[in-house]
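Please look over the sequence and the structure before reading the points below.

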Amino acid sequence: MSKLTKKVSPTSGLSPGTLVHVGEKRIEKPVITVFEYNEKSYEEQTLSSISEMEEHSLDGQVTWVDISGIHAIDVIEDVGKKYDIHPLILEDVINTSQRIKIEEYKDYVYIVVKMIYLKEHTREIIDEQVSILLGKNFVVSFQEGEGDVFDGIRNWIRSGKGRIRSLHSDYLAYALLDAIVDSYFTILEEIGDAIEVLEVELTQRPTSELINTIHSMKKQTMFLRRAIWPLREVIGGMERIGQPLIEDHTLTYLKDVYDHVIQIIETVETFRDLLSGMLDLYLSSMSHRMNEVMKVLTIIATIFIPLTFIAGVYGMNFQYMPGLTCHWGYYIMLGVMLVAGLIMLFLFKKNKWI
Amino acid sequence: MSKLTKKVSPTSGLSPGTLVHVGEKRIEKPVITVFEYNEKSYEEQTLSSISEMEEHSLDGQVTWVDISGIHAIDVIEDVGKKYDIHPLILEDVINTSQRIKIEEYKDYVYIVVKMIYLKEHTREIIDEQVSILLGKNFVVSFQEGEGDVFDGIRNWIRSGKGRIRSLHSDYLAYALLDAIVDSYFTILEEIGDAIEVLEVELTQRPTSELINTIHSMKKQTMFLRRAIWPLREVIGGMERIGQPLIEDHTLTYLKDVYDHVIQIIETVETFRDLLSGMLDLYLSSMSHRMNEVMKVLTIIATIFIPLTFIAGVYGMNFQYMPGLTCHWGYYIMLGVMLVAGLIMLFLFKKNKWI
Amino acid sequence: MSKLTKKVSPTSGLSPGTLVHVGEKRIEKPVITVFEYNEKSYEEQTLSSISEMEEHSLDGQVTWVDISGIHAIDVIEDVGKKYDIHPLILEDVINTSQRIKIEEYKDYVYIVVKMIYLKEHTREIIDEQVSILLGKNFVVSFQEGEGDVFDGIRNWIRSGKGRIRSLHSDYLAYALLDAIVDSYFTILEEIGDAIEVLEVELTQRPTSELINTIHSMKKQTMFLRRAIWPLREVIGGMERIGQPLIEDHTLTYLKDVYDHVIQIIETVETFRDLLSGMLDLYLSSMSHRMNEVMKVLTIIATIFIPLTFIAGVYGMNFQYMPGLTCHWGYYIMLGVMLVAGLIMLFLFKKNKWI
Amino acid sequence: MSKLTKKVSPTSGLSPGTLVHVGEKRIEKPVITVFEYNEKSYEEQTLSSISEMEEHSLDGQVTWVDISGIHAIDVIEDVGKKYDIHPLILEDVINTSQRIKIEEYKDYVYIVVKMIYLKEHTREIIDEQVSILLGKNFVVSFQEGEGDVFDGIRNWIRSGKGRIRSLHSDYLAYALLDAIVDSYFTILEEIGDAIEVLEVELTQRPTSELINTIHSMKKQTMFLRRAIWPLREVIGGMERIGQPLIEDHTLTYLKDVYDHVIQIIETVETFRDLLSGMLDLYLSSMSHRMNEVMKVLTIIATIFIPLTFIAGVYGMNFQYMPGLTCHWGYYIMLGVMLVAGLIMLFLFKKNKWI
Amino acid sequence: MSKLTKKVSPTSGLSPGTLVHVGEKRIEKPVITVFEYNEKSYEEQTLSSISEMEEHSLDGQVTWVDISGIHAIDVIEDVGKKYDIHPLILEDVINTSQRIKIEEYKDYVYIVVKMIYLKEHTREIIDEQVSILLGKNFVVSFQEGEGDVFDGIRNWIRSGKGRIRSLHSDYLAYALLDAIVDSYFTILEEIGDAIEVLEVELTQRPTSELINTIHSMKKQTMFLRRAIWPLREVIGGMERIGQPLIEDHTLTYLKDVYDHVIQIIETVETFRDLLSGMLDLYLSSMSHRMNEVMKVLTIIATIFIPLTFIAGVYGMNFQYMPGLTCHWGYYIMLGVMLVAGLIMLFLFKKNKWI
């Protein structure tokens with residue numbers, strides 16, 4: 001998540017609308033997957049350029065073009081031509097430092113979101129920009145690299161289970177957003193667990209590494225917050241668009257995703273509060289510990305420093321010192337020291353220091 | 001209240017509308033209680049499945065179906081069929097990590113709230129999700145487990161006291177909400193008492209356990225806040241729905257619950273402020289104590305370290321040292337030390353350290 | 001002001017509309033004072049039950065019924081019957097943990113405010129809930145106990161001075177609110193003086209009791225804030241009600257009270273900011289003092305500990321030690337110590353420690 | 001600026017509309033200056049009572065009555081009668097603890113603002129309440145005492161320079177407000193300079209007086225903020241009043257003052273942020289210094305305390321101690337001490353303490 | 001960026017509309033560059049006064065007059081006359097402490113923004129006020145000095161590349177704003193890098209200079225925030241103006257700049273949060289370090305002070321002390337000391353201090 005402080009656009013100085021890829025290249029060659037389906041059948045193709053695409057034009061067909069590898073500017077341009085997309089949108093698609101947003105055009109809706117998920121085996125956190133173009137009977141999705149959270153959707157299309165095959169492109173767009181939003185929950189669970197572990201450690205042994213962990217978790221939460229907060233507007237924006245792109249009965253589903261987004265936002269806010277509370281806890285626990293350390297030092301020092309002084313006095317080499325030659329002098333002196341020490345201890349006890 | 005950081009939905013990856021229970025199973029077998037009543041009579045049944053239900057269809061009858069044990073998916077599905085409920089609502093009913101909300105549909109209103117109450121004997125805090133379906137002449141309520149705050153309502157129906165039997169389903173829904181909101185007051189009183197005890201302890205003996213108690217009370221307050229805050233919208237939403245589901249004269253009662261909700265919110269905010277203030281108090285009291293400890297150490301050390309040095313000087317074994325052989329040397333030296341010590345004490349007094 | 005954390009309603013579990021007094025009983029027997037007046041004459045009665053009331057029905061008469069002792073449920077019920085008041089309002093009247101609010105009904109307006117004033121001789125702070133019912137030609141006011149801030153108004157009615165006798169019930173309600181709001185100013189002045197005293201003490205001798213005083217003043221301010229903040233809405237609400245209950249030319253007076261309320265709110269906010277600033281000041285002054293203490297300790301210790309070491313070395317009992325037998329050894333050693341001490345002092349001076 | 005915590009109205013307990021002066025008396029006898037002007041000529045009179053005023057009624061004349069000394073209640077009452085002003089306005093005029101506000105009446109507009117300026121020679125900060133009454137062809141301004149920021153306006157009227165003589169009373173009111181707002185800039189510059197000086201001192205020698213200075217500057221900024229913030233509404237309110245009192249082409253000028261007010265508010269907010277930042281800086285710099293002090297103490301103590309112990313051991317008077325009689329014992333012991341000391345130093349170096 | 005605290009207008013006391021230059025003089029003589037272009041051709045002139053300007057009046061021509069050096073009041077006045085500009089606008093143009101704003105007039109739009117950029121070779125941060133006047137077929141831009149971020153636009157006009165030559169004056173204004181907004185990104189990147197470096201240093205070696213760096217970066221961010229925040233309104237304002245000044249298809253481009261502004265604001269907010277987090281990190285790391293230092297001191301002192309006391313006891317010169325003459329006394333004593341020291345170490349280990 002080191003991109004946090006680098007969300008800056010290097011396209012400065014270029015004429016608006018010039019296509020320049022911003023971000024790292026996550027995949028060697030772009031992969032294009034095309035699904036064409038209606039209630040009865042479906043076709044699936046994996047291509048490496050748009051020109052290879054065969055169109056089948058089934059009855060009431062929905063076409064889903066999924067492109068991994070947005071650094072391939074020629075592929076993006078081909079899609080732009082095929083679906084007649086405004087050049088500023090294409091510029092946004094390939095700039096991975098885009099804001100989360102929704103833009104309504106005459107014939108299509110353009111949505112930018114962040115997909116954040118845990119890679120299956122490595123438990124590594126992947127964050128990728130996903131752009132979705134929703135038209136009357138097509139959806140084009142743009143991803144930065146391989147791997148995503150859409151496998152469930154692909155399987156529903158293939159198997160014909162669920163409602164997806166019998167509904168239109170707006171439901172497919174909803175399904176993509178729902179899959180992305182759901183994947184946030186996994187991250188939240190991960191963070192929630194880490195916070196609980198942190199909290200236990202904090203009360204038991206507050207080390208200075210903990211403070212760094214809390215700090216970096218705060219940064220992660222900040223990052224998540226920035227990615228999730230504008231999603232409210234995006235989903236709300238989709239609800240407002242309405243006919244003909246978004247059909248009425250998809251609205252109930254969108255309301256459901258909206259609820260999830262709100263729930264994620266609330267959880268993230270809770271995490272922020274918890275982490276702030278933990279910082280306070282750490283500081284006050286530190287301050288308490290310092291107090292304890294100081295008390296021990298003070299007790300030891302205030303007891304022994306005066307005693308050492310007395311011993312020092314009787315170690316002086318004056319020729320005429322009373323008591324030195326007295327037989328019980330040594331024992332009397334030890335007794336005096338013992339009493340002085342005990343009085344000190346009693347005073348500490350009284351002041352609740354021990 | 002350990003659910004705080006775990007409010008995440010494990011239904012990720014499933015087709016929307018698939019029924020999966022989320023949460024712990026609090027009761028072995030579901031219990032269904034059905035009340036049918038009108039102004040003149042009432043019927044009460046306790047069942048274990050919806051199919052056993054006998055309908056009596058009294059004049060102007062209100063039916064209240066109360067289901068404890070939402071993990072019983074078949075029961076939920078039966079209710080869904082009987083009252084023709086949208087599958088996404090049923091999904092919400094059985095997911096115990098739902099947001100507090102109100103949703104208006106054509107024939108019914110769906111309300112999700114959290115019921116938080118003290119178990120009668122154990123004084124344990126129970127928090128349960130309650131879903132309420134309000135239709136023209138029925139109310140269905142879904143609870144996670146046994147035990148609730150509705151016994152008063154059941155008794156009013158049985159005894160015919162109060163207005164409940166002579167009014168419609170909207171008044172019953174109001175009564176359920178009112179009972180839930182009233183139960184928050186008991187929790188608030190509990191917390192209020194705990195805060196007062198804390199405050200006294202804090203000024204008398206600030207230990208480090210206190211800081212953990214404050215921290216966990218802050219978390220509880222945070223949790224309550226999240227549960228109560230959206231209730232405003234819920235009650236406000238009910239007021240706006242209006243005819244025919246909500247009758248005009250129920251509005252006055254809803255306004256009353258709304259007032260209670262606002263009062264709870266304000267109390268929770270006050271608690272938050274008080275707890276924050278207590279943290280500040282703890283930190284400054286700690287800092288004050290440290291100061292006291294340091295002063296004692298400094299006074300002891302600054303008085304005795306120089307004196308010990310003087311004693312050390314006269315303990316040196318130089319052959320030629322003036323004064324050692326002097327008869328009054330020892331007494332003079334002691335006098336010098338005494339004077340030095342007194343001067344130190346005087347300086348401390350002047351600087352208001354003692 | 002200990003009610004702060006106890007604002008909870010014990011009516012939980014009762015049917016809505018049941019009359020139960022919530023709060024302490026401040027007066028033994030209820031006292032009812034009735035004023036009937038028009039521009040020309042006035043009648044004053046002091047009763048102990050509503051049934052004793054004699055009505056005179058003067059021309060264009062205004063009736064002011066003032067009831068002290070809201071725990072007398074039968075009196076409240078009598079008033080309810082006489083003026084045909086909704087039972088939920090009566091429930092609110094006798095529950096002293098009510099929110100500040102205004103509610104508009106068809107024939108009357110119901111207002112709840114807090115009256116906070118200094119008792120004349122004891123300088124004790126009294127806070128009481130006052131409910132005001134404003135009808136077309138009557139005002140009913142409910143107080144918790146004896147003593148209030150309305151003596152000025154009573155005198156204007158009796159003497160016929162000012163505009164009150166020539167105007168209607170809305171002006172009387174305004175006059176009551178104005179008297180209540182004005183009494184806040186006395187409390188504010190009290191707090192303002194206390195803050196100034198605190199501030200001076202804080203810069204001169206920051207003791208740990210001060211921090212407790214600041215904390216409890218913060219709580220008082222919080223309490224005042226909660227009592228005053230909703231008054232804006234109440235006055236604003238009265239302005240909006242308009243004809244026929246509130247006459248046009250009363251609006252100018254209401255605007256004036258509104259201004260006072262805003263001024264009180266601003267003053268309270270200022271107090272909050274000042275008190276927060278004082279906490280910061282205390283903490284930084286504490287931290288500064290600690291620094292000073294540490295410096296003294298460090299200066300003494302770093303000067304004398306090395307010197308004591310040197311003295312200790314020459315106190316060792318080795319048989320062969322150079323210098324011990326030297327005639328000037330002692331003086332040379334003392335000189336070395338002096339120089340070492342001076343160098344230390346010089347270094348401290350250079351580092352601005354002294 | 002000691003009025004900050006004393007903004008309370010002592011008119012409590014009086015009938016509304018009774019004229020009582022609130023505030024200090026800044027001038028012995030009231031001074032009334034009257035300007036009557038139109039495009040061609042002007043008349044200037046200095047009076048001590050309104051009855052002395054001679055009216056000239058020039059063509060399209062504007063009359064500006066400027067009254068210094070609002071404690072002279074009879075003068076205020078005379079003005080009230082002359083221009084037919086509502087008694088509540090007069091009450092506000094002579095109460096110097098008024099809120100900044102604008103009130104629109106049928107024939108005139110009433111504006112209250114605070115004039116804050118540096119006295120020319122003494123650089124003393126003066127804050128005065130100024131009330132402005134703007135009518136169709138007159139402006140009445142009320143000041144607390146002598147001295148103001150309106151000399152520029154007087155000179156423009158006298159000399160006929162600028163647009164003022166050819167425009168109406170609304171332009172004169174604008175000019176007065178503009179002069180008042182402009183005078184804030186001088187104060188801001190003063191504070192800005194002080195903040196810069198503070199900042200430099202803070203990084204170079206953070207003394208405890210600085211913290212008091214920061215605190216009192218925070219209070220000043222708070223005070224300014226309270227005086228300036230409502231000015232937005234005042235100017236905005238004037239813009240909304242429109243015809244016939246405010247002519248269209250004055251709107252452009254009002255927009256300009258509005259801009260200045262916003263700029264002042266932003267600057268004050270910046271000052272607040274800067275001062276808060278400085279407090280943090282002070283505290284962290286204090287904490288850093290304490291750390292440094294502690295390190296020095298620890299280094300000295302940890303090096304010399306063990307060495308002193310070793311010296312102490314060889315100072316014991318046991319009869320049989322090995323090494324004491326050894327010829328090189330002393331030197332060996334010194335060597336051991338030196339090595340121990342060097343190891344300590346090396347460890348400190350490694351831990352980056354030195 | 002030292003202008004932060006000096007944003008004050010010295011025009012106080014002058015008649016409104018008087019032209020006075022506020023700010024430093026950044027260039028000796030003003031430079032006026034005029035571009036006249038349409039789709040087919042373009043003319044470029046560099047002048048030192050407006051009167052030298054030759055007009056060519058091409059078909060559908062756009063004229064861009066760019067003036068560097070706003071202290072040249074005569075030039076500004078000439079432009080004012082030529083394009084018939086309101087004197088208050090000219091006053092704003094030459095006052096470099098202007099607020100960022102947009103003002104709509106009948107025939108033109110007036111925009112004030114801040115241009116912040118890195119000088120090419122010196123990497124010095126330059127901030128300059130730029131005023132833009134957009135009329136139907138002209139754009140006038142006013143800069144404080146030489147050097148700007150418009151070279152790209154000049155090259156597009158000269159080369160005819162991009163869309164600029166075929167579009168109208170509104171596109172030119174958009175292009176100027178876009179160039180200014182894009183230049184912020186470079187600054188943000190610079191700050192972002194600095195923050196990352198700071199963060200690493202903070203966890204590795206927290207010195208007191210860091211805290212000053214954090215403080216000054218916070219001030220820079222504050223400054224940027226003030227410059228950028230109002231840009232939202234400016235761009236939003238341009239979108240609202242619409243026909244005939246702003247053509248429909250420029251709206252898409254404006255939406256794009258708006259997006260960039262939002263992105264910059266979010267990044268600045270992130271920086272603020274990061275810097276605040278770093279301050280917390282610094283303080284807690286300081287507190288941790290102090291704790292470590294105190295522990296070392298305490299461990300050394302509590303081990304050796306009691307041992308030194310024992311040694312001191314046996315260094316006393318009493319004639320009759322048991323054990324001194326014992327042959328093994330010395331070794332026994334050393335053993336006792338060793339055991340005492342080990343017990344101490346064990347206790348520290350148990351309390352997790354080591």
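What rotation superposes chain A on chain B? In this predicted model, a rotation of 72°, with 0.1 Å of shift along its axis, brings chain A onto chain B with an RMSD of 0.1 Å. The two copies are thus related as by a five-fold rotation axis.

**Symmetry**

- Two copies of a chain are related by a rotation about an axis and a shift along it.
- The residue of chain A that comes closest to the rotation axis is Gly315(A), whose C-alpha lies at 4.6 Å.
- The copies use different surfaces, as 15% of the contact residues of chain A recur in chain B.

**Contact between chain A and chain B**

- In this pairing, 55 residues of chain A are in contact with 47 residues of chain B.
- Helix H3 (151-159), helix H4 (169-204) and helix H7 (248-313) of chain A each supply at least two residues of the side of chain A that touches chain B.
- The helix H7(A) gives the most to this side, with 32 residues.
- By residue class, the side of chain A that touches chain B divides into 19 nonpolar, 24 polar and 12 charged residues.

**Domains of chain A**

- The domain assignment of chain A gives domain 1, covering residues 2-283, and domain 2, covering residues 289-350.
- The centres of domain 1 of chain A and domain 2 of chain A, taken over C-alpha atoms, are separated by 74 Å.

**One residue of chain B**

- Arg123(B) is found in the loop between strand S5 (108-118) and strand S6 (125-135) of chain B.
- Is Arg123(B) buried or exposed? Arg123(B) is exposed, because 8 other C-beta atoms lie within 10 Å, and a residue counts as exposed if 12 or fewer do so.
- Arg123(B) and Lys25(B) are 98 residues apart in sequence, and their C-alpha atoms are 21 Å apart in space.

**Confidence**

- For the complex, the predictor gives an ipTM of 0.71 and a pTM of 0.78.
- Chain A has an average pLDDT of 85, and 95% of the residues score at least 70.
- In chain A, confidence is highest in strand S7 (residues 138-143), at a mean of 94, and lowest in helix H5 (residues 208-228), at 84.
- Over residues 1-8 of chain A, pLDDT stays under 50, and the model has 17 contacts beyond four places in sequence for these residues.
- Where pLDDT is low, the predicted coordinates should not be read in detail.

Methods
Residues numbered from 1 in each chain as written. Chains lettered and ligands numbered in written order. Predicted model: local features only at pLDDT ≥ 70, side-chain atom pairs only at ≥ 80, totals over all residues. Domains from an automatic or database assignment. Least-squares fit on C-alpha atoms with pLDDT ≥ 70 in both. Contact = placed C-beta atoms within 7 Å. Helix = DSSP H or I, 4+ residues; strand = E, 2+ residues; numbered from the N terminus. Buried ≥ 20, exposed ≤ 12 C-beta atoms within 10 Å, placed from the backbone. pLDDT = per-residue confidence, 0-100. Nonpolar A, V, L, I, M, F, W, Y, C, P; charged D, E, K, R; others polar.
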